[in-house]
Each structure stands twice: as structure tokens, then as C-alpha cells.
Amino acid sequence: MPKKACMLLILALPLLSYQAGKSDFYELSPSLELTRPRPEDFRTWHFSGSAVIPDDKNSNKAIFPGIHQVYIDPDSYKTHQEKGVFPDSTIIVMEVLHIDQRESVGGFGYFTNGGQDILVAIKDRRAFKGNGWGYFLFGDKEIKSGLPSKAAEDSRCTSCHQAAAEEDEVFTQYYPDLRRKK
Ligand code: HEC
């Protein structure tokens with residue numbers, strides 16, 4: 001190989017082989033606390049769909065009122081498409097953007113107001129019981145205060161997901177893009 005081409009290859013190698021791992025985006029510590037995933041990271045993942053759940057249409061009793069945007073890490077999305085299972089280390093993030101209703105120039109609508117919760121489901125069968133999913137909630141107040149940046153596993157979430165979600169605790173019935181495309 002000519003010397004110049006060889007140099008180019010050596011320079012290009014780190015770029016080619018570098019693929020950001022999930023651990024660059026989140027960390028599950030030995031105590032099962034999760035470091036808050038950052039929007040600038042998970043918004044680059046596979047976007048699986050969104051829903052609007054306005055509180056006023058739910059007698060002000062919606063559990064997570066707002067715009068739900070769901071992302072899954074690209075490696076696990078690929079594995080699920082190929083093999084039909086959510087593998088260990090799957091991470092699914094649902095960001096809930098808080099909304100206010102407004103009359104706008106374009107008509108009546110629901111607009112984001114800067115509030116945000118980050119909900120996370122992680123599959124790790126060594127770490128979590130049952131089907132192996134752990135759930136984490138980062139509320140708006142904590143996010144705004146900057147602290148804490150870690151959350152403990154939240155046991156309130158599991159039963160509803162186990163009872164009502166279509167596939168392995170994931171609500172694929174509402175986010176068909178998370179289904180396997182046969
Ligand atoms: C009463 C039932 C219920 C409870 C309790 C609940 N969820 Fe969910 N969750 C849902 C439903 C329904 C969806 C899909 C539709 C939507 O709301 O967007 C969902 C979607 C999700 C998603 C997107 C991926 C998926 O599984 O479809 C995540 C992540 C998530 N929830 C995390 C949590 C966390 C964390 C908690 C606890 C703090 C929690 N959930 C509590 C019903 C529930």
C-alpha cells in the first residue's frame with residue numbers, strides 16, 4: 001500500500017471504529033441507580049412515536065399529562081427487529097413534555113411550556129426481577145434543580161406495564177413502530 005494511503009487509513013480508523021456505546025449515555029450503578037439520560041443523547045436514538053395526553057380530557061387525572069415522545073436505543077431496536085426480543089441492556093426513554101392549551105394564530109392547540117419528565121425503562125435480567133425491566137422517573141422539579149442526577153428504581157411502574165402492555169412490558173399497541181416488522 002502506498003505510504004500516503006496507509007497514513008490516511010490509520011487516521012481514519014478511530015473514526016470508523018468509534019460507535020458511541022450506550023454506557024456513554026447512561027450508567028446503571030451497582031446500587032441500581034440510573035444517571036439521568038440527556039435529551040441531546042436520546043433524541044438521536046430511534047424515534048418510536050408520540051402521543052398527546054391532555055389533562056383536561058382526563059378529568060385532570062392523567063398520570064403523565066403532556067406530549068409523550070418515545071425513543072429506543074438503536075442497537076436494541078435493531079436486535080428486536082431481527083430477533084423479536086428486547087435484549088438485555090435495552091433502554092427505552094419516554095420524555096413527557098408538559099403542555100398548556102392556547103389559542104394560537106394557527107388555531108386552538110396544546111403547546112409545550114418548558115416542563116419535562118424523563119421516564120426510562122431498562123431491561124437487565126441480572127439486575128431486575130420478573131421480566132427483567134427496571135423503571136426510573138426523573139421529574140421536572142429535579143431536572144430543573146439539576147439534582148439529583150440519579151434515580152432509584154421505581155417499583156410503582158412495573159405492575160401496570162406487566163398487566164397492560166402488549167409485548168414484554170412495552171406498550172407496542174400504542175407505539176406500533178416498536179413492533180417487529182415481519
Ligand atoms: C397505570 C399504568 C402505568 C403506570 C403506573 C406507568 N406507566 Fe409507563 N406507560 C403506560 C402506558 C399506557 C404507556 C404507553 C402509552 C403512553 O402513555 O404514551 C407507557 C409507556 C411508557 C414508556 C415507553 C415505553 C413503553 O413501555 O411503552 C416508558 C419508558 C414508561 N412508560 C415508563 C414508566 C415509568 C418509569 C413509570 C413509573 C414512574 C411508569 N411508566 C408507570 C402506562 C403506565
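**View 1. Order of the elements along the chain.** From the N terminus on, the elements of this chain run α-β-α-β-β-α-β-β-β-α-β-α, in a model that is predicted. The chain contains five helices and seven strands. Of its 182 residues, 24% count as buried, and among the contacts with a separation of 6 or more, 51% are accounted for by residues 24 or more positions apart.

**View 2. The largest nonpolar core.** This core has 27 residues, of which Ile92, Val93, Val120 and Ile122 touch the most other members. At least two residues of the core are supplied by each of strand S3 (66-72), strand S4 (91-104), strand S5 (107-123) and strand S6 (133-138). In soluble globular proteins, nonpolar side chains tend to be buried together.

**View 3. The surroundings of isoleucine 92.** When residues up to four places away in sequence are not counted, isoleucine 92 touches Val70, Ile72, Ala121 and Val170. Isoleucine 92 is also one of the residues that touch the most other members of the largest nonpolar core.

**View 4. Proline 74 in helix H3.** Helix H3 spans residues 74-83, and proline 74 lies in this helix. Leaving aside neighbours within four places in sequence, proline 74 is in contact with Trp45 and His46. Phenylalanine 42 is 32 residues from proline 74 in sequence, and the two lie 9.8 Å apart in space, C-alpha to C-alpha.

Notes
Residues are numbered from 1 along each chain as its sequence is written. This is a predicted model: local features need pLDDT of at least 70, side-chain atom pairs count only at pLDDT 80 or more; totals for chains, interfaces and linings use all residues. Helices (H or I, at least four residues) and strands (E, at least two) are DSSP runs, numbered from the N terminus. A residue is buried if 20 or more other C-beta atoms lie within 10 Å of its own, exposed if 12 or fewer, and partly exposed in between; C-beta atoms are placed from the backbone. Two residues are in contact if their C-beta atoms, placed from the backbone, lie within 7 Å. A nonpolar core is a set of buried Ala, Val, Leu, Ile, Met, Phe, Trp, Tyr and Cys residues joined through C-beta atoms within 7 Å.
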